[in-house]
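Me: Can you walk me through how to read a predicted fold, one feature at a time?

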Amino acid sequence: MLKFKELNQNNIKMIHTEKTLSQVINILKERGYTADFNLLQIDDIDQKNHELGELEDLVVEKIYRFAPQNDADDESILYAICNTKNKVKGVFVNGYGISSSASSSEIIDQIRVDILDERDDWAK
């Protein structure tokens, strides 16, 4: 498995949805993705025994992109993430394009990607 930054961005299967970010977060919560991986900070990466785990234990399983037609500044991307060691599942949200956070992008770039069934849109 490759880390996010090692992938050709054009080959990553992002699911574009008409649902809102909060609707998809709620759907993912129903599927067990309840942790908030946005709590990860670059400074925390070296900490051991953190509930969210270490970056090498995390895998991105789904990626949703939100691009509201009326406001390009609200573009965002949601990552469904699983910790392969302790099985904690959760979400990580970042802006998309010019709205992305450099520190959030730095974290995501270090996480492996293993998209679960690309044809299965959980938010349908």
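Reply: Helices (H or I, at least four residues) and strands (E, at least two) are DSSP runs, numbered from the N terminus. This is a predicted model, so to speak of local features takes pLDDT of at least 70, side-chain atom pairs count only at 80 or more, and totals for chains, interfaces and linings use all residues. Residues are numbered from 1 along each chain as its sequence is written, and side-chain values use heavy atoms, leaving out hydrogens and water.

Me: What order do the elements run in?

Reply: From the N terminus, β-α-β-β-β-β-α-β: two helices and six strands.

Me: And which residues touch the most other members of the largest nonpolar core?

Reply: In soluble globular proteins, nonpolar side chains tend to be buried together. A nonpolar core is a set of buried Ala, Val, Leu, Ile, Met, Phe, Trp, Tyr and Cys residues joined through side-chain atoms within 4.5 Å. Buried means under 20% relative accessible area (1.4 Å probe, protein chains only). In this core of 19 residues, they are F37, V60, Y79, I81 and I111. β3 (58-66), β4 (76-83) and α2 (102-108) each give two or more residues to this core. Another core, of 10 residues, lies apart from it, with I15, V24, Y33 and L78 among them.

Methods:
Buried < 20%, exposed > 50% of the residue type's maximum accessible area, 1.4 Å probe, protein only.
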